[in-house]
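Q: I have a structure open and would like to go through it with you. Can we start with the side chains and then move on to the metal sites?

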Amino acid sequence: MAWPGHRWLFHVTELITPNRCWVCLAGEAEGGPIRHGLCFSCWKEVASDPHHRCRRCAATIGAFTEGDQACPTCRAKDLHLDSTVRLGPYEGLLRDVILMMKTPMGEGLAEQMGHLLAEVKGEELRLKSLHLVTCVPMYWYRRWQRGHNQADRLARCLSQSLHLPYVPHLLRRRYGAAQEVQPSASARWQNVRQAFSLRAGANLKGQRILVVDDVMTTGATLSAIAQCLRRAGAEEVHAAILARA
Ligand SMILES: [Zn+2]
Ligand SMILES: [Zn+2]
């Protein structure tokens, strides 16, 4: 489903018959009312998490693991995150949506998903009394290649829906090689730790910050960002992601 031509098809379809599901292209007559760009059946599949999650790192955990207990990932490594919310695991339709967001035409879908994330997880996020929202930055060359940073679009729309300021505090210093070509997990953790810096003049003393990204895989990226924000004085760093791999 997530091939670039699909988005072009959507744009053509939208011109002829507006108000179709961005994912399955169903109209309101077949798929029910369109909400955040999705028909009812796609919305339900994307927005309902079938599993329990670790409160800290959002990894899928067993039904009988207490939410406050550290999951195996959190026991092995301190991710420097206070909590992580997710829509669901990185599979099925949610995975298709995320892959579509990464295509050059995926900007609008990423925006819709930001509003959807706020609708589904807004209550939980409001309890954290956050001060601001920021996002995982993308190196300029990759952003230029793709035409947009899906995490930036997500974060902007999530912050709008939550009525919180959006501040792109972070810079990505250099091009991070794709995860699969990294020599080892520890090399990736080492590389990514040096990849982020704060924009000049950022004062984060006492701030409770929400960092937004589309997918969390090992947690190395979000952990490096959380460390960077804490070094600048952030009091709490929470994460909001669409999916956890
Ligand atoms: Zn649909
Ligand atoms: Zn965990």
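Q: How many aromatic pairs does the count come to by the ring rule?
A: The count comes to three aromatic pairs. Rings of Phe, Tyr and Trp (its six-membered ring) pair if their centres lie within 6.5 Å; planes under 30 degrees apart count as stacked, over 60 as edge-to-face and the rest as tilted. Before going on: this is a predicted model, where local features need pLDDT of at least 70, side-chain atom pairs count only at pLDDT 80 or more, and totals for chains, interfaces and linings use all residues. Residues are numbered from 1 along each chain as its sequence is written, chains are lettered from A and ligands numbered from 1 in the order in which they are written, and side-chain values use heavy atoms, with hydrogens and water left out.

Q: Why is the pair of Trp140 and Tyr141 edge-to-face?
A: Their ring centres are 5.9 Å apart and the planes stand at 80 degrees, so the pair counts as edge-to-face.

Q: Which residues do ring pairs link into a cluster?
A: The cluster consists of Tyr139, Trp140, Tyr141 and Trp144.

Q: Is Trp140 buried or exposed?
A: Trp140 is exposed, because its relative accessible area is 58%. Tyr141 is partly exposed, at 35%. Buried means under 20% relative accessible area, exposed over 50%, and partly exposed in between (1.4 Å probe, protein chains only).

Q: What sits over the ring of Trp189?
A: The charged end of Lys77 does, 4.2 Å from the ring centre. A charge sits over a ring if NZ of Lys or CZ of Arg is within 6 Å of the ring centre and within 35 degrees of the ring normal.

Q: On to the metals. Which residues are the protein donors of the zinc ion (ligand 1)?
A: They are Cys21, Cys24, Cys39 and Cys42, each through SG, lying 2.3 Å from the zinc ion. Donors are N, O and S atoms within 2.8 Å of the metal (3.2 Å for Na, K and Ca); water is not among the atoms, so sites may look incomplete.

Q: What parts of the chain does that site tie together?
A: Cys21 lies in the loop between helix H1 (4-16) and helix H2 (28-31), and Cys39 in the loop between H2 and helix H3 (40-47), so this pair ties together parts that are 18 residues apart in sequence. Helices (H or I, at least four residues) and strands (E, at least two) are DSSP runs, numbered from the N terminus. Both Cys21 and Cys39 are buried.

Q: And which residues are the donors of the zinc ion (ligand 2)?
A: Cys54, Cys57, Cys71 and Cys74 are, again through SG, at 2.2 to 2.3 Å. Their spacing along the chain is C-x2-C-x13-C-x2-C. Cys54 is in the loop between strand E1 (52-53) and strand E2 (60-61), while Cys71 is in the loop between E2 and helix H4 (72-76), 17 residues apart.

Q: Are Cys54 and Cys71 buried or exposed?
A: Cys54 is buried at 2% relative accessibility, and Cys71 is buried at 1%.

Q: New topic. Where is Ala239?
A: Ala239 lies in strand E8 (residues 236-244). Ala239 counts as buried because its relative accessibility is 1%.

Q: What does Ala239 touch?
A: Leaving out residues up to four places away in sequence, Ala239 touches Leu81, Ser83, Thr84, Val85, Leu210, Val211 and Leu222. Contact means heavy atoms within 4.5 Å.
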